[in-house]
Amino acid sequence: MEQLQLLWQFQELEQKIFRQEQELQNLASVSEYQHKKQELAVFQKELKQKEEKLNTEKKELRRKELELQTVSTSLREMDKKLYSGEIRNVKELESLEKKVQSSKKEKSELEDEILYLMENLENDGREISQLKKQEEVKDEGLQQLKLKARGDIKKIQGELQLLNQQRDELMQNIDKQLLKKYRELSKRLQGGRCVSLVKEGFCGICNVSLPSSFRARLLTPGQQVFCENCGSLLVRGD
Ligand SMILES: [Zn+2]
């Protein structure tokens with residue numbers, strides 16, 4: 001095969017490699033995995049906050065239960081004292097009765113609060129166990145996505161490895177000066193195609209119809225012909 005045709009093949013391989021590399025950067029499964037991972041992190045953070053709230057409520061409940069015990073004990077003692085007949089002083093009796101009344105009120109309030117907290121705890125506990133089940137499902141889905149993303153990455157990496165091998169092999173067979181020329185041209189066209197395969201008299205890159213005089217020049221070995229329109233190096237394609 002002619003050097004220029006090899007060069008065109010080399011260019012096409014490089015373009016393919018470039019596209020695969022772009023694809024590798026923009027894999028849908030990878031971005032989906034990252035998105036879901038973030039979502040799960042937010043979910044877990046909220047779950048943790050709820051668990052912390054539950055623990056605070058549990059502590060609060062314990063504290064109130066202890067308080068109730070203390071109030072109940074003191075109330076029993078005051079009741080005993082009140083009806084024992086040991087206090088004769090009217091003012092003292094009145095003051096004790098007042099204390100008993102306020103303790104009873106406190107006890108009743110505490111009992112209400114404890115009931116309320118217990119209901120809350122039950123509801124929150126139920127909610128948390130449901131959320132934990134959801135967390136498990138989400139995590140399982142995420143692991144599957146991770147496997148899919150990894151598989152997709154490996155597949156493209158494998159293809160890229162193969163393409164790079166082909167590219168390196170092809171490069172061995174192309175004249176160094178010609179490759180240098182290709183690099184210069186490619187740079188000028190900002191990494192785009194700069195070697196054009198001519199078919200039926202049309203430039204393969206800009207599609208302009210080439211003058212018939214070009215045809216003869218393309219057939220001359222060693223001759224470098226450039227498209228007057230897009231500046232690409234022309235290669236005979238048919
Ligand atoms: Zn052209």
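User: Is E200 buried or exposed?
Analyst: The cut-offs on relative accessible area are under 20% for buried, over 50% for exposed and in between for partly exposed (1.4 Å probe, protein chains only). E200 has a relative accessible area of 65%, so E200 is exposed.

User: What kind of model is this, and what pLDDT do local features need?
Analyst: Residues are numbered from 1 along each chain as its sequence is written, and side-chain values use heavy atoms, with hydrogens and water left out. The model is predicted; totals for chains, interfaces and linings use all residues, side-chain atom pairs count only at pLDDT 80 or more, and local features need pLDDT of at least 70.

User: What is phi of E200?
Analyst: E200 is found in the loop between β1 and α5 (212–219). Helices (H or I, at least four residues) and strands (E, at least two) are DSSP runs, numbered from the N terminus. E200 is a residue other than glycine, yet its phi is positive, near 50°.

User: What phi does N207 have?
Analyst: N207 also sits in the loop between β1 and α5. N207 has a relative accessible area of 56%, so it is exposed. N207 is not a glycine, but its phi is positive, about 70°.

User: Which residues are the protein donors of the zinc ion?
Analyst: Donors are N, O and S atoms within 2.8 Å of the metal (3.2 Å for Na, K and Ca); water is not among the atoms, so sites may look incomplete. The protein donors here lie 2.3 to 2.4 Å from the zinc ion, each through SG: C203, C206, C227 and C230.

User: What spacing do the donors of the zinc ion follow along the chain?
Analyst: The donors are the SG atoms of C203, C206, C227 and C230. Along the chain, they follow the spacing C-x2-C-x20-C-x2-C.

User: What arrangement do the four donor atoms make around the zinc ion?
Analyst: Four donors count as tetrahedral if all angles lie between 85 and 135 degrees; four count as square planar and six as octahedral if opposite donors are over 155 degrees apart and all others between 65 and 115; anything else is irregular. The angles here are 104 to 116°, so the arrangement is tetrahedral.

User: How far apart are the end C-alpha atoms of helix α1?
Analyst: The expected span of a helix is 1.5 Å times one less than its number of residues. Helix α1 (residues 3–25) has 23 residues, so it should span 33 Å; this agrees with its end C-alpha separation, 33 Å.

User: Which elements do the buried residues of α1 pack against?
Analyst: The buried residues of α1 include L4, L7, F10, L13, I17 and L24. Contact means heavy atoms within 4.5 Å. These buried residues pack against α3 (90–172), α4 (176–188), β1 (195–198) and β2 (233–236).

User: Which type of aromatic pair do F10 and Y182 form?
Analyst: Rings of Phe, Tyr and Trp (its six-membered ring) pair if their centres lie within 6.5 Å; planes under 30 degrees apart count as stacked, over 60 as edge-to-face and the rest as tilted. The count comes to one aromatic pair. The centres of F10 and Y182 are 5.7 Å apart and the planes are at 75°, so the pair is edge-to-face.

User: How many residues apart in sequence are the parts tied together by F10 and Y182?
Analyst: Both F10 and Y182 are buried. F10 lies in helix α1 and Y182 in helix α4, so the pair ties together parts whose separation in sequence is 172 residues.

User: Over which ring does the charged end of K138 sit?
Analyst: A charge sits over a ring if NZ of Lys or CZ of Arg is within 6 Å of the ring centre and within 35 degrees of the ring normal. The charged end of R217 sits over the ring of F214, 5.2 Å from its centre. For K138, the charged end is 5.0 Å from the centre of the ring of F43.

User: Which residues is L142 in contact with, leaving aside neighbours within four places in sequence?
Analyst: L142 lies in helix α3. L142 has 7% relative accessibility, so it counts as buried. Its contacts are Y33, K36, K37 and L40.
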